[in-house]
Amino acid sequence: MRRDDRSWYDTMQVCYNGHQITNFVESQPESTRKRCDECGEPTTDHCLKCKAKIIGYHHIPGVIGFSGPDPPAHCHECGEAHPWTERRKEIGDNTTKVKSEQTNKIFIVHGHDDAMKEAVARVVSKLGLDPIILHEKPNGGRTIIEKFEKNADAQFAIALLSPDDNAFVATGTAKNARPRARQNVILELGYFVGRLGRDRVLALKREGDLEVPSDFAGVVYTPFDTAGKWQFEMVRELKAAGYDVDANLVL
Ligand SMILES: [Zn+2]
Ligand SMILES: [Zn+2]
């Protein structure tokens, strides 16, 4: 692949059973494996017949992405089926099913409102799901991506927007300050919307005066109300995303 200032395609590495190892063979050689971590099978980054590279992540200058294409069934050069294509047929496409199976892990993105964090984590647990709390670290961006990759089978995130900061425009004064959520919470909310889709992200917003990015990728903010209606909204959203949860468990 050519490396110039224009966009270019990285190379993908896949195990013989079709588990994707990395989409970044060239830009992140440390992410490659001789054998699959998941099943122990050998890996390849090219067609076994014609040796053409398997096309990976599309690098576009100025665009930061986190994933890339899924393993293709056939070689884009010679059309030969990759080893995993036949194996999937034999085992009834089991690998794909395993990959898309819903787990109980639910990411929780939060700011400084511990009471809100604990209340939400408790309800998630009551529903029989596993809350994965993303703790704030100084270099938050890297932490969230690493934690996400370790729990890549989690398919739902809840972002807690609480009034942790006060902000006003640079030309204004502190008198005009309005409360808003931590910037890292907004960043992580955006990350999950991009990664999981907006129907798999619930944004819970503390009631009262709290500035949120308006019309942000179609995200709807659910009020975190003292009466506890949010719990039923959460159940509804989880159900819509395919989770088998029972609203009676939160009563
Ligand atoms: Zn594998
Ligand atoms: Zn080929």
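Which residues does Thr-11 touch, not counting residues up to four places away in sequence? They are Thr-22, Asn-23, Phe-24, Val-25, Glu-26, Asp-45, Lys-53, Ile-54 and Gly-56. This is a predicted model.

**Thr-11**

- Thr-11 belongs to strand β1, which covers residues 8–11.
- The relative accessibility of Thr-11 is 1%, so the residue counts as buried, the limit being under 20%.
- The side chains of Thr-11 and Glu-26 are joined by a polar contact of 2.4 Å. Glu-26 is also among the residues that Thr-11 touches.

**Zinc ion (ligand 1)**

- Four residues supply the protein donors of the zinc ion (ligand 1): Cys-15 through SG, His-19 through ND1, Cys-36 through SG and Cys-39 through SG.
- The site of the zinc ion (ligand 1) is tetrahedral, with angles of 104 to 116° among its 4 donor atoms.
- Along the chain, the donors of the zinc ion (ligand 1) have the spacing C-x3-H-x16-C-x2-C.
- Cys-39 has a relative accessibility of 32%, so Cys-39 counts as partly exposed.

**Zinc ion (ligand 2)**

- The protein donors of the zinc ion (ligand 2) are the SG atoms of Cys-47, Cys-50, Cys-75 and Cys-78, which lie 2.3 Å from the ion.
- The arrangement around the zinc ion (ligand 2) is tetrahedral because its 4 donor atoms subtend angles of 104 to 113°. The criterion for four donors is that all angles lie between 85 and 135 degrees.
- The donor residues of the zinc ion (ligand 2) are spaced C-x2-C-x24-C-x2-C in sequence.
- Cys-47 counts as buried because its relative accessibility is 1%. Cys-50, at 35% relative accessibility, counts as partly exposed.

**Sheet**

- Three strands form an open sheet in the order β3-β2-β4, and their pairing is antiparallel.
- The edges of this sheet are β3 and β4. Each has a single partner strand, so one side of each is left without a neighbour in the sheet.
- The antiparallel pairing of β2 with β3 runs over 2 bridges.
- Gln-13 stands opposite Thr-22 in β3. Thr-22 is also one of the residues touched by Thr-11.

**Aromatic pairs**

- The structure contains 5 aromatic pairs.
- One of these pairs is formed by Tyr-191 and Phe-192, with 5.3 Å from centre to centre and 80° between the planes. This pair is edge-to-face because the angle is 80° and planes over 60 degrees apart count as such.
- Phe-107, Tyr-191 and Phe-192 are linked into a cluster by ring pairs.
- Tyr-191 has a relative accessibility of 9% and so counts as buried. Phe-192 is buried as well, with a relative accessible area of 1%.

Note on methods. Residues numbered from 1 in each chain as written. Chains lettered and ligands numbered in written order. Predicted model: local features only at pLDDT ≥ 70, side-chain atom pairs only at ≥ 80, totals over all residues. Heavy atoms only, no water. Donors = N, O, S within 2.8 Å, 3.2 Å for Na, K, Ca; no water. Tetrahedral: all angles 85-135°; square planar, octahedral: opposite > 155°, others 65-115°. Buried < 20%, exposed > 50% of the residue type's maximum accessible area, 1.4 Å probe, protein only. Phe/Tyr/Trp six-rings, centres within 6.5 Å; stacked < 30°, edge-to-face > 60°. Helix = DSSP H or I, 4+ residues; strand = E, 2+ residues; numbered from the N terminus. Polar contact = N/O pair within 3.5 Å; in protein donor to acceptor, adjacent residues only side chain to side chain. Contact = heavy atoms within 4.5 Å. Pairing = 2+ DSSP bridges.
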